[in-house]
Amino acid sequence: MLFSSCTFLMSQQNHFQNFFSQVSTSLNISNIFYGIMFDAGSTGTRIHIYTFMQKSSAEPPHLDNEIFESVKPGLSAYVDQPEQGAETVRGLLDMAKQTIPSTHWSSTPVVLKATAGLRLLPEQKAQALLSEVQELFEESPFLVPDECVSIMNGTYEGILAWVTINFLTGQLYDQNQRTVGILDLGGASTQITFLPQSTLKAASEKYISPFEMFNRSYKLYTHSYLGFGLKAARLAILGALGGKDESRMYRSSCLPPSLKAEWKFGGINYKYGGMAEEVTGFQSCYAEVLKVIREKLDQPAEIRSRTFYAFSYYYDRAVDTGMIDGDQGGIILVKDFEMKANKVCEALTETNTGSPFLCMDLTYITALLKEGFGFYDHTELQLKKKVNNIETSWTLGAAFHLIQSLRTAPE
Ligand SMILES: Nc1nc2c(ncn2[C@@H]2O[C@H](COP(=O)(O)OP(=O)(O)O)[C@@H](O)[C@H]2O)c(=O)[nH]1
Ligand SMILES: [Ca+2]
């Protein structure tokens, strides 16, 4: 089951505009209501506190505000200290008490959904972390629908990010406008979602997920590739995925030749470094990365002509290398990533302050987009961290699900 008792029961309401008016009356909300959605990501835990305003029950409320805060590292870094992991969530929850009026606490739902970082942990370790967080929520003054601390299914992670972006860009309730696709590059997984306008090849049909929201049905193309997030991909490129031998040295031509370092991911320590005697640079790095990417991802042809919003590490690495503005984001072409990767990888021997993984990360992003998904060099990507001052994340889509599931849950 994707969501246990938070399962989103598809409503049969009229259009989106009616969606909230019914929610507000049934939840006896006068003119303001809140929702707290935690995103337990592989590299950090984030809280999104959404404020919805409702002027009159005849009008749908609108999303008035989001308070966003994050802590690092993510819960999976506390794989053997679940109590300490929960403490990082407590700090964020305390912030929610300071920002939401106490009169609303008992009607404000709080939910945490973990993504690929916990999917990659042994189940009982992941469960121990979630149980500590559930206890924390139950002690809190907020409304805790039972079992709303869970590991989210990757399919929903991709779908809900699509809902967020198309809601924020106004496509969701404008019947005529073409929707946009989403590309989310996390630390442990990567998602691609779009609403196909033309028929897909048989091979792509298996990625079609029916989905209903705001009284409309969609047949979305979506997939979450576990292990293809940026951090997990680094291990794959180094040949270290699943490696338990913490004494072994993993090398790559994507790293500065003189580099020797250690790195902890998913609770395991890895030794890694450059290849002093071998050829380094973009071509040799690209060849290494292709071994991880080639023929591993589905390539729906339609994406080449569609508009995609890209965020998370796509955004972060473009900012780190000056390709876009850190606040405004920007529009780039797929080939801009390749050109930047080339430049960074050809300067590997120069000592620079940036991350030693920059060449590998940019080369991975290039290969993921071109050889992985099959985008063209000239495909445009909208790199956005926020739209209308709201974070580009699956969490707003999940908040809509949550509010609606509370409305439709049996009394
Ligand atoms: N600004 C912002 N960055 C985010 C958000 N969610 C994830 N990120 C960034 O995306 C990258 C990794 O994503 P994460 O969620 O930890 O990995 P995942 O669990 O595999 O999805 C990190 O650089 C995060 O800072 C968000 O809601 N807002
Ligand atoms: Ca994420």
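I take helices (H or I, at least four residues) and strands (E, at least two) as DSSP runs, numbered from the N terminus.

**Entry 1: basis.** I worked on a predicted model, in which local features need pLDDT of at least 70 and side-chain atom pairs count only at pLDDT 80 or more, whereas totals for chains, interfaces and linings use all residues. Residues are numbered from 1 along each chain as its sequence is written, chains are lettered from A and ligands numbered from 1 in the order in which they are written, and side-chain values use heavy atoms, without hydrogens and water.

**Entry 2: annotated site.** I looked up the UniProt record, an unreviewed entry, which places a "binding site" at Gly187, Ala188, Ser189, Thr190 and Gln191; such annotations may be inferred rather than shown by experiment. Of these residues, Gly187, Ala188, Ser189 and Gln191 are included in the lining of the largest pocket. A pocket is here an open set of points on a 1 Å grid over the protein atoms alone where a 1.4 Å probe fits, with protein on both sides within 12 Å along at least five of seven lines, and lining residues have an atom within 4 Å of a point.

**Entry 3: Ala188.** I located Ala188 in the loop between strand S6 (181-185) and strand S7 (189-194). Ala188 has a relative accessible area of 1% and is buried (buried is under 20%, exposed over 50%, partly exposed in between, with a 1.4 Å probe and protein chains only). Beyond four places in sequence, its contacts (heavy atoms within 4.5 Å) include Ser42, Ala116, Tyr225 and Ala232.

**Entry 4: Thr190.** I found Thr190 in strand S7, buried at 0% relative accessibility. Among the residues that Thr190 touches, leaving out those up to four places away, are Asp184, His223, Tyr314 and Phe373.

**Entry 5: helix H7.** I noted that 8 of the 9 residues of H7 (residues 230-238) are buried. Ala232, listed above as a contact of Ala188, is one of the buried residues of H7, as are Lys231 and Arg234. Gly239 follows H7 and has a positive phi, near 75°.

**Entry 6: Thr169.** I placed Thr169 in the loop between helix H5 (154-168) and S6. Thr169 is partly exposed, at 22% relative accessible area. Thr169 touches Val180, Tyr309 and Val387, residues up to four places away in sequence not being counted. From Thr169 to Ser42 I read 27 Å, C-alpha to C-alpha, across 127 residues of sequence.
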